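Biologist: Could you walk me through the open and enclosed spaces in this model, and then through one of its helices?

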Amino acid sequence: MHIVITRPVEDSLKIITDLKLSGHMLTHLPVIKVEKLQMKKINFKNYDSVIFTSANAIKFLNIEKFNDNIKCFCVGNFTEGVAKKAGFFNTYSSEGSVASLKELIVRTIESKSEKILYLSSEFISKNLDKDLIQEGYIVERISNYTTLPVREINEKTLSFLRKNPIDAIFIYSSKSAKNLLDLINKYSLLNIVTQCNLMCISEKVSLILKQIKWKKTIIFNPGEEVFFLNKIN
C-alpha cells in the first residue's frame with residue numbers, strides 16, 4: 001500500500017522503517033514543523049520522575065542540574081532510545097500510546113507524593129498531566145517546544161502523490177489535521193484523498209477532516225500503525 005505519514009521527521013523514523021519493512025510504499029509529508037520555545041533552565045533535582053511523549057521534548061532540553069537517577073517515562077522505544085542518549089538510564093517505555101504510558105506510570109510510581117515533570121509540546125492531543133492529577137499525582141507540565149504549520153508541498157512530492165494513488169494517510173494531532181486540510185485545499189488534492197483511508201489518532205481529530213468523504217476513517221493507536229492497516233481490507 002501507499003502510505004502517507006504526516007508527522008515531523010523526528011517522530012517518524014521508527015514508523016517509516018516499520019512500514020517499509022512490511023513492504024509498503026511511503027511518502028513523508030510533514031504538515032507541521034517543530035521549533036524550540038524559550039524557557040528557563042530546569043533543575044531535575046526538584047523532580048522524582050520525568051515524562052516524555054515525544055523525542056522533541058528531549059531534543060530541546062534546557063537543563064541546569066541533571067539527576068541521572070530520575071525515573072524517565074517514555075511513550076515508546078524510539079523516545080526511550082533518545083532519552084538514553086541524552087543521559088537518562090533509569091528509563092521506562094510504554095507501547096507507543098499515551099494511554100499505555102499512563103498505565104505504566106501508575107503501575108511504577110509507588111508514592112503519589114513524588115513530583116513528576118511532564119515536558120511536552122505547547123499543543124497536545126491528550127491531557128496526560130490532567131489525567132494523572134485527577135488520580136492524585138503531583139504533575140507539573142512545561143512546554144519546551146511548539147509546532148508550526150507547513151505551508152508548502154514541494155513539486156517532487158506533489159507529482160508523486162498525483163501519480164501514485166494513496167491508500168492511507170496517518171494524522172496524529174488536531175493541529176496536523178487542520179494543516180493537512182489547508183494543504184489539500186491549497187493544492188486541489190481533494191480528488192486524490194477521497195480515494196484513500198484516513199487513519200486518525202482519535203475521534204476528536206477525525207472530526208476536523210469530516211467534511212472530506214474518505215474511503216474509510218479508522219482510529220489507531222500510535223506504535224500499532226502496521227496492525228491497524230489490516231483494518232483497511
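**Pockets, cavities and a helix**

Modeller: By class, 15 nonpolar, 17 polar and 10 charged residues make up the lining of the largest pocket, where Ala, Val, Leu, Ile, Met, Phe, Trp, Tyr, Cys and Pro count as nonpolar, Asp, Glu, Lys and Arg as charged, and the others, Gly among them, as polar. This is a predicted model, in which local features need pLDDT of at least 70 and side-chain atom pairs count only at pLDDT 80 or more, while totals for chains, interfaces and linings use all residues. Residues are numbered from 1 along each chain as its sequence is written, and side-chain values use heavy atoms, with hydrogens and water left out.

Biologist: What volume does the largest pocket have?

Modeller: About 900 Å³, a volume being the space filled by probe spheres set on grid points that are joined across faces, edges and corners. On a 1 Å grid over the protein atoms alone, a pocket is an open set of points with protein on both sides within 12 Å along at least five of seven lines, a cavity is a set where a 1.4 Å probe fits but cannot get out, and lining residues have an atom within 4 Å of a point.

Biologist: Which element gives the largest share of that pocket's lining?

Modeller: That is α1, with 5 residues; helices (H or I, at least four residues) and strands (E, at least two) are DSSP runs numbered from the N terminus.

Biologist: How many cavities of 30 Å³ or more are there?

Modeller: The search of the whole structure finds 2, and the largest cavity has a volume of about 70 Å³. Its lining has 10 nonpolar residues and no polar or charged ones, among them V4, L29 and L161. The second largest cavity holds about 30 Å³ of space and is lined by S97, V98, S125, K126, I201 and P222.

Biologist: Switching to α4, which of its residues are buried?

Modeller: In α4 (residues 98–108) they are S100, L101, L104 and I105, buried meaning under 20% relative accessible area with a 1.4 Å probe and protein chains only. They lie on the same side of α4, because they cover an arc of only 140 degrees around the axis, taken from the directions from the helix axis to the C-beta atoms.

Biologist: And what do they pack against?

Modeller: The buried residues of α4 pack against β5 (49–52), β7 (71–74), β8 (91–93) and α5 (128–134), with contact meaning heavy atoms within 4.5 Å.

Biologist: Why does S100 count as buried?

Modeller: S100 counts as buried because its relative accessibility is 12%.

Notes:
Buried means under 20% relative accessible area, exposed over 50%, partly exposed in between (1.4 Å probe, protein chains only).
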